[in-house]
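Here is a short report on one helix, one surface patch and a set of aromatic rings. Keep the structure open while you read.

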Amino acid sequence: MVFLRLGTIAFGGPAAHIAMMDNEVVNRRQWMSREKLLDLLGITNLIPGPNSTELAIHIGYERAGWRGLLVAGTCFIFPAMAIVWTLAAIYARYQTVPQVEWLLYGIKPVIIAVVLQAVWNLGKKAAKDVPTIIAGVGAICAYFAGLNEILVLILLGVAVMLLKNWQSRGNITGAFLLPFSGVLAQVGSTTAVTSLSWINVFFFFLKIGCVLYGSGYVLLAFLQRELVERNQWLTSQQLLDAVAIGQFTPGPVFTTATFIGYLLAGNAGAIAGTIGIFLPAFVLVWVVNPWVSKLRQSRWASGFLDGVNAASLGLMAGVTYTLGRAALVDWLTITLAIVSAIAVFRFKINSAWLVLAGGAIGLVSRI
């Protein structure tokens, strides 16, 4: 019930989710110490997947073993999935209705500002030294050059890891533990899917769930390249709509996969997309949790993480530019984006309120 309630009210992105869990698990229920919670949070940064969702899964595992793992993760994800699924069905039916179009017209510029804030916050932590700065710039160049994002993350992560530890004589067995899932996901990733079905949707999002680091917003880079540019299954406008609805609803941003899965393959696609993108998080937490202390102390794992975070920053910057060109189409949308940026950067206003305000302004401008 704890995570079902949190999943229902958890607006504001991963940072807000984590703050809610800290208050509920440490302060109110005293299930664990804050030091333990911070250890679990630290390890979520060393594995791919949505950080706040993985933290919920970790807490469930610590509390009640594999049963707690399944219950906590599922309860945290389900409310957002149900809401997004419903909105996807409405969107698929009424997206050509002018009122809906103008609602999203006002929301999209706000989303650009929210993503910019995510890029900035990640950048302050990711660009910590010369190797990571170079990795971030390299990722931006690779994005605009059209290189595969999964390969970019893996190669830049390994490069920074080796640069930071080339003098170390320690055991390198753990050096490739974390990239392993990414290497597996890379196999066959350049092969285009010729037909759309829920199976295609499942494996597409499973691949992404295995390698996605940094933030839910990094998901945009993969979706823009694979779904919009390479396969042309969605338009940039539809992708922005999916992100807007994912941001507007509580819970993980990764439930964008539910929305896109529905657009691509109906109800079965919604289920397949959700399971595909979240399944790796459950498996990785179950495998990694007993090794938390060792991974936290690993210089190799930390170096790889630094490189991946910097590359994620570069990908996020590239996709922000691409989506911004689709969202900022006139003086009103540009003004909305600027005001929203001031609101999130200067006044720290919850993004959910901004999305509501953007939608209202879009409707008013239509009237």
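## A nonpolar surface patch

A nonpolar patch is made of residues with over 30% relative accessible area and no salt bridge, whose nonpolar side chains are joined within 5 Å. The model is predicted. Its nonpolar surface patch is formed by Trp 66, Leu 70, Ile 271, Ile 275, Leu 279, Val 283, Trp 286 and Val 287. Together these residues have about 740 Å² of accessible area.

Which elements give two or more residues to the nonpolar patch? They are α4 (51–94) and α12 (256–288). The largest share comes from α12, with 6 residues. Trp 66 is found in helix α4. Trp 66 has 48% relative accessibility, so it counts as partly exposed. The cut-off for exposed is over 50%.

## Helix α6

Helix α6 covers residues 130–145, 16 residues in total. At 1.5 Å a residue it should span 22 Å. Its end C-alpha atoms are 22 Å apart, which agrees.

The buried residues of α6 are Thr 132, Ala 135, Gly 136, Ala 139, Ala 142 and Tyr 143. Seen down the axis of α6, they fall within an arc of 125 degrees, so they line one face of the helix. An α-helix has 3.6 residues a turn, so residues three or four places apart point the same way. The face of α6 turned away from the buried side carries the exposed residues Val 130, Ile 134 and Ala 145. Gly 146 follows α6, and its phi is positive, near 85 degrees.

## Aromatic pairs

How many aromatic pairs are there? The count comes to 7. In one of them, the rings of Tyr 91 and Phe 259 have their centres 5.1 Å apart. Their planes are at 55 degrees, so the pair is tilted. Tyr 91 lies in helix α4 and Phe 259 in helix α12, so the pair ties together parts that are 168 residues apart in sequence. Tyr 91 and Phe 259 are both buried.

Phe 204 and Phe 205 form an edge-to-face pair. Here the distance is 5.1 Å centre to centre, with 80 degrees between the planes. Phe 204 has 9% relative accessibility, so it counts as buried. Phe 205 is buried too, at 0%.

## An aromatic cluster

Tyr 143, Phe 144 and Tyr 321 form one aromatic cluster.

Conventions: Residues are numbered from 1 along each chain as its sequence is written. This is a predicted model: local features need pLDDT of at least 70, side-chain atom pairs count only at pLDDT 80 or more; totals for chains, interfaces and linings use all residues. Side-chain values use heavy atoms; hydrogens and water are left out. Helices (H or I, at least four residues) and strands (E, at least two) are DSSP runs, numbered from the N terminus. The expected span of a helix is 1.5 Å times one less than its number of residues. Buried means under 20% relative accessible area, exposed over 50%, partly exposed in between (1.4 Å probe, protein chains only). The arc is that of the directions from the helix axis to the C-beta atoms. Patches are made of residues with over 30% relative accessible area and no salt bridge: like charges are joined within 9 Å, nonpolar side chains (Val, Leu, Ile, Met, Phe, Trp, Tyr) within 5 Å. Accessible areas come from the Shrake-Rupley method with a 1.4 Å probe; for residues, only the protein chains shown count as cover. A salt bridge is a side-chain nitrogen of Lys or Arg within 4 Å of a carboxyl oxygen of Asp or Glu. Rings of Phe, Tyr and Trp (its six-membered ring) pair if their centres lie within 6.5 Å; planes under 30 degrees apart count as stacked, over 60 as edge-to-face and the rest as tilted.
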